[in-house]
2 protein chains.
Amino acid sequence: MSATEKAEAKPPMRDALVAAAFQLFLERGYEQTTVDDIVALAGVGRRSFFRYFPSKEDVVFPDHERCLADMTAFLAASEADAEPVRRVCDGARLVLRMYAENPSFSVQRYRLTKKVPGLRAYELSVVWRYERALAEYLRGRFTGGSDGSLRADVIASAVVAAHNNALRSWLRSDGEGDATATVDHALGYVQAAFGAAPAPPADEHPEDVVVVVSRRGAPLWRVVQEIETTLGRS
Amino acid sequence: MSATEKAEAKPPMRDALVAAAFQLFLERGYEQTTVDDIVALAGVGRRSFFRYFPSKEDVVFPDHERCLADMTAFLAASEADAEPVRRVCDGARLVLRMYAENPSFSVQRYRLTKKVPGLRAYELSVVWRYERALAEYLRGRFTGGSDGSLRADVIASAVVAAHNNALRSWLRSDGEGDATATVDHALGYVQAAFGAAPAPPADEHPEDVVVVVSRRGAPLWRVVQEIETTLGRS
């Protein structure tokens, strides 16, 4: 999607409301700002506000609904034989992209959310919905296998935790640094623990085996890291 | 703690308020019940209610604060060389014990929570606090290692997801079945992915090695399962 198409897809009034809201949140504080204050500054009526946002909290997170819909569509469009853990990691990367599209807005919001308990609660419920979207996809993929729902829930939760650990570290750095590389590294840890190996290239012998020798007392994640390195995965 | 000591530790008025609240929630619905209704049925004043519970939501989850405190104390009392993943799994088992102490109350509450969005949000915030307690302990244990905070967050999240998957499956079965065995199985999956091997028994040669041979295309979790089996862990 080009920058022009994106500008067209987001109604200017919606953007104006978000901009007005954040200006006031930063000047006066979140709790001290009313919806009336926001619409007055944006020069629109209350009904316009509620056409775009069900509540004041929603204007703080204006893109999560779109991102949730994008993630659900992305997962629904997966190839039937897509490696499931890699696929949910790619789904999580859609959330990162939303944050990285506008670093200064994301950093402002991060600081605001840390200060306002109601916004933290809202964010928890959004994170939970992302996690459920990933888990539902994995449950579908693991149907019939043993412990399908357990594996789905644990992996979805691990993916979200890794993504959020990396995202928060990027937000704490004021949006400096390479968000994508940080998240890739974090998701790589989850893939090492749960993911399948990529399909072998056609020119490779499919019966190719990997031998790992490990001291019995070694932590399992080290063994997994060893296997990862041997398999030459990123 | 004996049953007698536990009865003494819980003031009867607090128990009476919880019992009255649940009777009304089941009869009239949660939203239709006020704090005034609860105190009238329990035969106490409003101030007594708020001495024990900050809000109506808190009476639905009367034992989480105690359980969070127990978990924090349990983790703080860990031996310095305790295997950290096993330790957080044992911490999570304290939550299960709280639910399993009173199956019919837990099942009633589960049904209520599913129906009331405000209670689901409350529960998410409680779950988040358990997860942070486990993650904080792991961060302390992983200090200095590479990716300490990432590993701590991912493992804490995976432990909570596994615990809750098993807990919900037990609650959906109306509290029938063996909650402990179900949770042990779920936590075993997380330990297989992230946990260290137990220290070798003294009579075993410490340089003992494990050899795993795996086809290159095998899913990593299968390889991990293989290692688990070889190491003879439960």
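Predicted model: local features only at pLDDT ≥ 70, side-chain atom pairs only at ≥ 80, totals over all residues.

Visitor: Why are α10(A) and α11(A) called roughly antiparallel?

Guide: Helix α10 of chain A covers residues 148-172 and helix α11 of chain A covers residues 179-194, and their axes cross at roughly 155°. Angles over 145 degrees count as roughly antiparallel, and the pair is therefore given that name. The two axes come within 9 Å, and the crossing is right-handed.

Visitor: Which residues of α10(A) and α11(A) meet?

Guide: From α10(A) come A:V154, A:I155, A:A158, A:V159, A:A162, A:H163, A:A166, A:L167, A:S169 and A:W170. Their partners in α11(A) are A:A179, A:T182, A:V183, A:A186, A:L187, A:V190 and A:F194. Sorted by class, this contact has 14 nonpolar residues, three polar ones and no charged ones.

Visitor: Which residues make the contact between α9(B) and α10(B)?

Guide: On the side of α9(B) they are B:V127, B:E131, B:R132, B:L134, B:A135, B:L138, B:R139 and B:F142. On the side of α10(B) they include B:G148, B:R151, B:D153, B:I155 and B:N164. The residues of this contact divide into 10 nonpolar, four polar and five charged.

Visitor: How do you know that α2(B) and α8(B) are oblique?

Guide: The axes of helix α2 (residues 12-28) and helix α8 (residues 103-115) of chain B cross at roughly 45°. Roughly parallel needs an angle under 35 degrees, whereas roughly perpendicular begins at 65. The value of roughly 45° lies between these limits, and α2(B) and α8(B) are therefore oblique. Their axes come within 11 Å, and α2(B) passes α8(B) in a left-handed crossing. In this contact B:V18, B:F22, B:F25 and B:L26 of α2(B) meet B:F105, B:Q108, B:R109 and B:L112 of α8(B). By class, six of these residues are nonpolar, one is polar and one is charged.

Visitor: Let us turn to single residues. Why is A:L75 called buried?

Guide: A residue is buried when its relative accessible area is under 20%. The value for A:L75 is 5%, so A:L75 counts as buried. This leucine is found in helix α6 (residues 64-76) of chain A. Leaving aside residues up to four places away in sequence, A:L75 touches A:R87, A:V88, A:A133, A:L134 and A:Y137. Of these, A:A133 is 58 residues from A:L75 in sequence, with 8.4 Å between the C-alpha atoms.

Visitor: What makes B:A179 buried or exposed?

Guide: Its relative accessibility is 7%, and the limit for buried is under 20%; B:A179 is therefore buried. This alanine lies in helix α11 (residues 179-194) of chain B. Beyond residues up to four places away in sequence, B:A179 touches B:L96 and B:W170. B:L96 is 83 residues from B:A179 in sequence, yet their C-alpha atoms are 7.7 Å apart.

Visitor: How do you know whether B:R97 is buried or exposed?

Guide: Exposed means over 50% relative accessible area. B:R97 has 53%, so this arginine is exposed. B:R97 belongs to helix α7 (residues 84-100) of chain B. The C-alpha atoms of B:R97 and B:C67 are separated by 9.4 Å, with the two residues 30 apart along the chain.

Visitor: Why does B:C67 count as buried?

Guide: The relative accessibility of B:C67 is 2%, which is under the limit of 20%, so B:C67 is buried. The cysteine B:C89, at 0%, is likewise buried.

Visitor: Finally, how many helices and strands does chain A have?

Guide: Chain A has 12 helices and one strand. Of its 234 residues, 47% count as buried.

Methods
Residues numbered from 1 in each chain as written. Chains lettered and ligands numbered in written order. Heavy atoms only, no water. Axes fitted to C-alpha atoms, helices over the stretch in contact; angles between N-to-C directions. Helix = DSSP H or I, 4+ residues; strand = E, 2+ residues; numbered from the N terminus. Parallel < 35°, antiparallel > 145°, perpendicular 65-115°, else oblique. Left-handed = near helix turned anticlockwise from the far one by under 90°. Contact = heavy atoms within 4.5 Å. Nonpolar A, V, L, I, M, F, W, Y, C, P; charged D, E, K, R; others polar. Buried < 20%, exposed > 50% of the residue type's maximum accessible area, 1.4 Å probe, protein only.
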